[in-house]
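User: I am new to this structure and would like to learn how to read it step by step. Could we begin with the overall picture and then move to the details?

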Amino acid sequence: MVMSAPGPALPVLSTERLTVRFDGRAVLKDVSIEIPLGRVVSIIGPAGSGKTTLLRSFNRMNELIPGAKTAGTVHFQGVDLYDADIDQAEVRRRIGMVFQKATLFPKSVFDNVAFGLRAKGVEGDLHGLVEEALTVVGLWSGGAEVLDARALDLTAGEQRRLSIARALALKPDCLLLDEPTAALDPAASAKVESIIHALRHECTIVLATSDHTQAGRLSDLTAYLDSGRLMEYGATQELFTNPRNERTESYLTGRLP
Amino acid sequence: MTATALSRGAGNPRSPGERFGKHVLFTCAALSALLGAAVIVVVALETVRFFGRVSPARFFGGLTWAPLAEEPGFGVLPLIAGTAQIAAGATFLALPVGLLTAVFLRYYAGGRTASVLNAVVTLLACIPAVVYGYFALNYVTPAIRSVWPGVEGFNGISACLVVGLMILPTIVLLSREALGAVPNSLLEEGVALGATRRRVLVRLVVPAAAVGIAGSVVMAAARAVGETMIVTLAAGNPTGPTWNPLEGVRTLTTFLAQASLGDIPTGSIEYGACFAVAAVLFLLTCGMHAAGRALMARGQRGTLGAVRL
């Protein structure tokens with residue numbers, strides 16, 4: 001596997017001294033990070049280290065939580081993401097997100113994938129776009145029956161892939177994946193990982209994972225978060241084999257107190 | 001260390017003190033249940049006796065309600081129609097405002113705004129009905145008549161408006177509860193897929209809470225059905241049946257209020273008629289209350305299937 005260097009690639013997302021507080025309690029502290037275009041970036045760290053909050057700050061999802069306050073800046077392709085005039089719906093279409101525990105709509109597979117397209121105002125027959133997204137996640141093989149299947153009748157693995165397809169249908173520039181294989185069996189996890197691996201050519205991917213071996217398998221760059229602080233960030237292989245930060249090393253070797 | 005034997009005494013659930021306390025509590029509980037049952041039994045017995053003199057067919061099928069007339073009419077339908085008119089009108093007026101207020105409280109209002117608004121809505125629920133009634137008679141009716149001179153001094157519109165105001169807190173607070181049963185993840189998921197908050201609320205969240213909201217509306221309508229004071233003061237108590245909300249309206253409750261002021265001799269047929277009307281009112285409000293609670297309970301279990309994608 002060829003390791004892409006962090007290199008001078010243009011950052012598609014970047015934060016500067018990002019601090020996020022929930023009811024005054026800082027969950028992210030002074031995080032400055034650049035996500036280069038077209039790369040897969042993993043955010044690892046212990047539970048409660050702020051992985052999900054960092055992910056959610058990339059598409060302004062934290063604002064939906066009452067009592068959330070964001071300080072510092074987040075830029076997307078050079079534009080201040082938190083500018084008051086920004087169309088938030090567009091932000092979320094272009095920076096898609098798959099939650100750790102997806103809420104599938106209790107409707108057909110087709111309706112689930114079409115939801116975002118309809119909200120975007122795409123007119124006419126959506127079958128082409130829906131089938132394209134389902135193909136990427138391996139849920140479409142030409143039969144119409146899968147489109148009409150009830151989303152909630154799918155297996156856990158298929159549901160996870162459907163939730164990815166739902167975000168992909170909007171052809172996002174960037175995809176945020178929160179614990180993409182949590183609670184899946186090994187076979188279903190492997191499928192999801194192969195999808196992520198294939199998607200690296202389509203969009204920039206940021207994934208939060210508590211499985212650092214997954215970060216090692218999938219990502220070009222890895223960031224280690226600890227208690228809301230970005231402790232270390234760099235090429236995955238470098239960070240794994242030669243961590244500069246003591247805490248990173250302790251975490252990777254399972255010796256974190 | 002020496003072991004001390006456990007003592008026997010007051011801490012024993014079978015001790016006299018504990019048993020006495022339990023008996024007092026049971027007596028109080030039994031008393032309230034008995035009193036409630038006694039009211040129901042009296043109403044039921046008097047109603048049965050009334051149906052011995054006036055057939056249920058005449059009571060439920062007749063179109064004239066005039067128990068005190070020389071040729072008395074015992075058809076309850078005009079009273080039910082009047083009740084339905086007021087309750088439906090009030091609910092129709094209160095539903096949109098109440099539901100939108102609930103959505104605002106749940107999804108838009110910040111901490112401070114929410115608590116102030118909440119306090120005001122709760123305060124509305126504390127205003128005595130007679131105050132609402134005077135408000136209707138002395139402020140709302142004159143206001144209606146100033147823009148619409150054809151409206152009578154006692155009219156259904158004024159009653160609907162003010163009863164609507166009275167049941168507004170029920171719709172707001174119970175609908176908000178119904179919305180609270182919808183998982184937040186539904187809103188987040190819709191928003192994350194690039195839909196506006198408004199679209200997510202209209203198409204996903206409110207439909208998912210629809211059953212619970214329907215429950216809140218039925219509960220509110222049940223309150224409107226049982227409302228007496230406001231309707232008496234605002235809609236009067238005309239003797240003839242009216243179908244026109246611009247005129248006075250007579251309902252099950254206003255008839256009972258008026259009848260209890262008069263001197264109907266105990267045991268007379270008119271006396272029995274009052275109990276029959278009370279029985280109809282009781283069954284109506286009881287049934288609606290039960291239906292409303294059942295809907296609310298079903299809403300709490302989640303009804304995501306109703307989302308409109």
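User: How many helices and strands are there in chain A?

Analyst: Please keep in mind that this is a predicted model. Chain A holds 10 helices and 10 strands. Its radius of gyration is 18 Å, close to the 18 Å that the globule rule gives for 257 residues, so chain A is as compact as a globular protein of that length. Taken along the principal axes, the C-alpha atoms of chain A fill a box of roughly 55 × 45 × 35 Å.

User: What share of the residues in chain A is buried, and what share of its contacts with a separation of 6 or more comes from residues 24 or more positions apart?

Analyst: Of the 257 residues in chain A, 44% are buried.

User: Which strands of chain A pair with strand 3, and in what sense?

Analyst: Strand 3 of chain A pairs in the parallel sense with strand 8 (residues 204-208) of chain A over 4 bridges, and it pairs in the parallel sense with strand 9 (residues 221-226) of chain A, also over 4 bridges. A:Val41 shows both pairings, for this residue stands opposite A:Val206 in strand 8 of chain A and opposite A:Leu221 in strand 9 of chain A.

User: Which way do the residues of strand 3 of chain A point, and are they buried or exposed?

Analyst: In a regular strand the side chains alternate between the two faces of the sheet. In strand 3 of chain A, A:Val40, A:Ser42 and A:Ile44 point one way, while A:Val41 and A:Ile43 point the other way, and all of them are buried. Since 5 of the 5 residues of strand 3 (residues 40-44) of chain A are buried, this strand is largely enclosed by the rest of the structure.

User: How do helix 6 and helix 7 of chain A cross?

Analyst: The axes of helix 6 (residues 156-168) and helix 7 (residues 186-199) of chain A come within 9 Å and cross at roughly 20°. Angles under 35 degrees count as roughly parallel, which makes helix 6 of chain A roughly parallel to helix 7 of chain A. The crossing of these two helices of chain A is right-handed. Among the residues that meet there are A:Arg160 and A:Ile164 from helix 6 of chain A, and A:Val192 and A:Ile195 from helix 7 of chain A.

User: Finally, what do the buried residues of helix 7 of chain B pack against?

Analyst: They pack against helix 2 (88-94) and strand 6 (95-98) of chain A, together with helix 8 (197-208) of chain B. The buried residues of helix 7 (residues 184-192) of chain B include B:Leu186, B:Leu187 and B:Val191. This helix of chain B is followed by B:Gly194, whose phi is positive, near 85°.

How values were computed: Residues are numbered from 1 along each chain as its sequence is written. Chains are lettered from A and ligands numbered from 1 in the order in which they are written. This is a predicted model: local features need pLDDT of at least 70, side-chain atom pairs count only at pLDDT 80 or more; totals for chains, interfaces and linings use all residues. A residue is buried if 20 or more other C-beta atoms lie within 10 Å of its own, exposed if 12 or fewer, and partly exposed in between; C-beta atoms are placed from the backbone. Two residues are in contact if their C-beta atoms, placed from the backbone, lie within 7 Å. The radius of gyration is taken over C-alpha atoms; the globule rule is 2.2 Å times the number of residues to the power 0.38. Two strands pair if DSSP finds at least two bridges between them. Axes are lines fitted to C-alpha atoms, for helices over the stretch in contact, and angles run from 0 to 180 degrees between N-to-C directions. Angles under 35 degrees count as roughly parallel, over 145 as roughly antiparallel, 65 to 115 as roughly perpendicular and the rest as oblique. A crossing is left-handed if the near helix is turned anticlockwise from the far one by less than a right angle, and right-handed if clockwise.
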